Amino acid sequence: MRLMPGGSLYNDENGNLCVNPDYEFTIWDYIEMNLKNLNIDEKELISLFDITPSALSNWKNGSKQISQDKLVILCSMFGVTIDELMERESNDAYQYEYFYGLNRYSKEKKYKSFTTRDLEWMFERINEAIFYFEYYPLGYIPFDKNPDDPEGFPDRHYISDDEVEYYCQTLDISIKYSTKKKKDIIIKSVSYDELTSVAKELWNDWKEEAYKHISAKAADKYKEIVLLSENADFFKAYITDNSDLKNEYLEI
């Protein structure tokens, strides 16, 4: 089953189903249409993901992003990949800014205006980029299998070259890696071409163990953004109150 946009569809004067070319597709439009195709209503979705109705409402209005693990399950249900879900043909510039929105973190100088959600979103993307960079030689991120996983739940998440390239362009991340000939090679603010070359070299040397020989780290300026933000104290308290996020954020 292929993705179909929801709110973009309308019937013309002859009753023919048409797509509005000016409609700005959102991820929820695609999810909603495909849920209808599978005869799954919102109550069933809430039960499936064990979420609250307000959480679902946040997904629908775009105030909160759907987590990666739940996106993977949805993609499995719809018969599409993460890339097909995220990289829709229509309004690509809008979608990239909406889902990734990282350019302002490298260009914005008045960090005080950043909200707690801005800071959280920035760290989420940085952590995802670090995972992608470190597993890029392998080509996918392996998932730990859980007995509670639904039938057909994948054991890996394949890494998109486009996403890696985008992160290289918009984030300041350095890598350290080791080959069989030399240890602890450092590349600061690694470019996409550099990372691709390193990934091939690591794969040739280490094969399936390649990801164990590379690490990635975000620039210190991202900590500066937090410290200069008027929400710094709130954000630090937020990290403290959410122990599952503490290590991820503080490692950056």
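Predicted model: local features only at pLDDT ≥ 70, side-chain atom pairs only at ≥ 80, totals over all residues.
Buried here means under 20% relative accessible area, exposed is over 50%, and partly exposed sits in between (1.4 Å probe, protein chains only).

View 1. Residues are numbered from 1 along each chain as its sequence is written, and side-chain values use heavy atoms, with hydrogens and water left out. The chain has 13 helices and 7 strands; these are DSSP runs (helices H or I, at least four residues; strands E, at least two), numbered from the N terminus. Take the contacts (heavy atoms within 4.5 Å) between residues at least 6 apart in sequence: 62% of them join residues at least 24 apart. About 14500 Å² of the protein chain is accessible surface, and 48% of that belongs to carbon and sulfur atoms (Shrake-Rupley method, 1.4 Å probe; for residues, only the protein chains shown count as cover).

**View 2. An open sheet of 3 strands.** The strand order reads β6-β5-β7, and the pairing is antiparallel; two strands pair if DSSP finds at least two bridges between them. β6 and β7 (214-218) are the edge strands, each pairing on one side only. From one strand to the next, the twist averages 20 degrees. Zoom in on β5 and β6 and you get 3 bridges in the antiparallel sense, with Lys-176 standing opposite Ile-186 in β6. Helix α10 (residues 192-206) packs on the sheet and touches β5, β6 and β7. The helix direction makes about 20 degrees with that of β5, using axes that are lines fitted to C-alpha atoms (for helices, over the stretch in contact) and angles that run from 0 to 180 degrees between N-to-C directions.

**View 3. Thr-179, in the loop between β5 and β6.** The loop links β5 (173-177) to β6 (185-187). Thr-179 is buried because its relative accessible area is 6%. Skipping neighbours within four places in sequence, Thr-179 is in contact with Ile-185, Glu-201, Asp-205 and Trp-206.

**View 4. Glu-128 in helix α8.** Helix α8 covers residues 116-135. Glu-128 comes out as buried, since its relative accessible area is 14%. Not counting residues up to four places away in sequence, Glu-128 touches Gln-68 and Tyr-167. The side chains of Glu-128 and Tyr-167 are joined by a polar contact of 2.4 Å (a pair of N or O atoms within 3.5 Å; within protein, one must be able to donate a hydrogen and the other to accept it, and residues adjacent in sequence count only if both atoms are side-chain atoms).
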